Amino acid sequence: MSDHIFNVLFMCTGNSARSIIAEAILNRIGAGKFKAFSAGSHPKGEIHPYAVQLLKSLNHDISSARSKDWNEFAAPGAPELDFAFTLCDDAANEACPVWPGQPMTAHWGLPDPASVEGTEAEKHLAFADTYRMLNNRISIFISLPMNTLDKLALQKRLDEIGRELPKAG
């Protein structure tokens, strides 16, 4: 099982900011152990420009990133998922498709940086805060001893990660 690469799906409604950022973070810091994907229930069809700018400024490869419907991951031939995380309350309250692989799920809700109003600096700060919070959660997630935790203990830890309160930047 140590050679197993875990497939992880991050979901939001629009798949334009939070889930795209999470996908980029996990694909970098979990490379070789995890493969991240993102999707939305009602994808916007484009990545938010502030998310693109932030990820590029942090040297993330987003060349293959795109806003897509979560039904792609329920279709024949889709990657078999090990984990599926909702990052917004709207997606968490929607009926999800049946995922191949019967992944473990958890809700890791975060405020939507795209909905922040204010100055350009305040908007960019919202995206930076989202990145920081997701990076913290994903770092905890990838450090879990997957091979030694039973399903119940692992589910408990996934839920705890989502309940951890974001710390002010």
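R66 is partly exposed, at 41% relative accessibility (buried means under 20% relative accessible area, exposed over 50%, and partly exposed in between, with a 1.4 Å probe and protein chains only). The model is predicted, so local features need pLDDT of at least 70 and side-chain atom pairs count only at pLDDT 80 or more, while totals for chains, interfaces and linings use all residues. Residues are numbered from 1 along each chain as its sequence is written, and side-chain values use heavy atoms, with hydrogens and water left out.

A salt bridge is a side-chain nitrogen of Lys or Arg within 4 Å of a carboxyl oxygen of Asp or Glu. By this rule there are six salt bridges, including those tabulated here.

| Salt bridge | Closest N and O atoms |
|---|---|
| R66 and E72 | 2.8 Å |
| D129 and R132 | 3.6 Å |
| R157 and E160 | 2.5 Å |

E72, the partner of R66, is partly exposed too, with a relative accessible area of 37%.

D129 and R132 both belong to helix α4 (residues 120–142), where three residues, about one turn of the helix, separate them. Helices are DSSP runs of H or I with at least four residues, numbered from the N terminus. D129 has a relative accessible area of 22% and is partly exposed; R132 is partly exposed at 23%.

In helix α5 (residues 151–163), R157 and E160 are three residues apart, about one helical turn. R157 is partly exposed at 24% relative accessibility, and E160 is partly exposed at 24%. A network of salt bridges links K156, R157 and E160.

Definitions and conventions:
Helices (H or I, at least four residues) and strands (E, at least two) are DSSP runs, numbered from the N terminus.
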